Amino acid sequence: MAGRTSKGAEKVTKNTAAKPAGATPKLLSGGNPQIPKGYGDASVQAYIAAMPDWKSEIGRRLDALISRTVPGVCKAVKWNSPFYGVKGQGWFLGIHCYASYVKVAFFKGVSLHPLPPGESKQKEVRYLDIREDDPFDEAQIASWVEQASRLPGERM
């Protein structure tokens, strides 16, 4: 398989901007913004801007931390959630907005040390749920992001 690129990996390399939005994005049940699928930073920034209340600030902080920790990180919005990946390796992290928290999904989270606290029904996935009054442990999140970016990503 060395040297082969899957269809999903090719998508991580795309850098197309989101379609221009005319109106304020609709919030889906649970508070997640409905953002058109798109590749590149513009799509992710549109999602973050549409996150309601305090969650938008968490989105900005996460995006900045991920961008600093993984220079050249690939970004996309798929299934109304931002995804972060490494060109040719796939997606390593996703963010999803809920009514009372922001969920960070580490797709190969069982390989991270220490383990992110949230378990998943999916064998390798681990979650970090960030609530409004939770401390934002930037050093720990950056460590998980850095570790996750070095692992083989998901092909979605």
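Start with Glu-124, which pairs with Lys-108 in a salt bridge, their closest N and O atoms 2.9 Å apart (a side-chain nitrogen of Lys or Arg within 4 Å of a carboxyl oxygen of Asp or Glu). Both partners sit in the loop between β5 and β6, 16 residues apart. This is a predicted model, where local features need pLDDT of at least 70, side-chain atom pairs count only at pLDDT 80 or more, and totals for chains, interfaces and linings use all residues. Residues are numbered from 1 along each chain as its sequence is written, and side-chain values use heavy atoms, leaving out hydrogens and water.

Lys-108 also bridges to Glu-154 at 3.2 Å, N to O. That link spans 46 residues, with Glu-154 in the segment after α4. Lys-108 counts as partly exposed because its relative accessibility is 22% (buried is under 20% relative accessible area, exposed over 50%, partly exposed in between, with a 1.4 Å probe and protein chains only).

Now look at Arg-126, in strand β6 (residues 126–131); strands are DSSP runs of E, at least two residues, and helices runs of H or I, at least four, numbered from the N terminus. Arg-126 is buried but has no salt bridge, and Glu-119, the nearest side chain of opposite charge, is 4.2 Å away (Lys and Arg count as positive, Asp and Glu as negative; His and chain ends are not counted).
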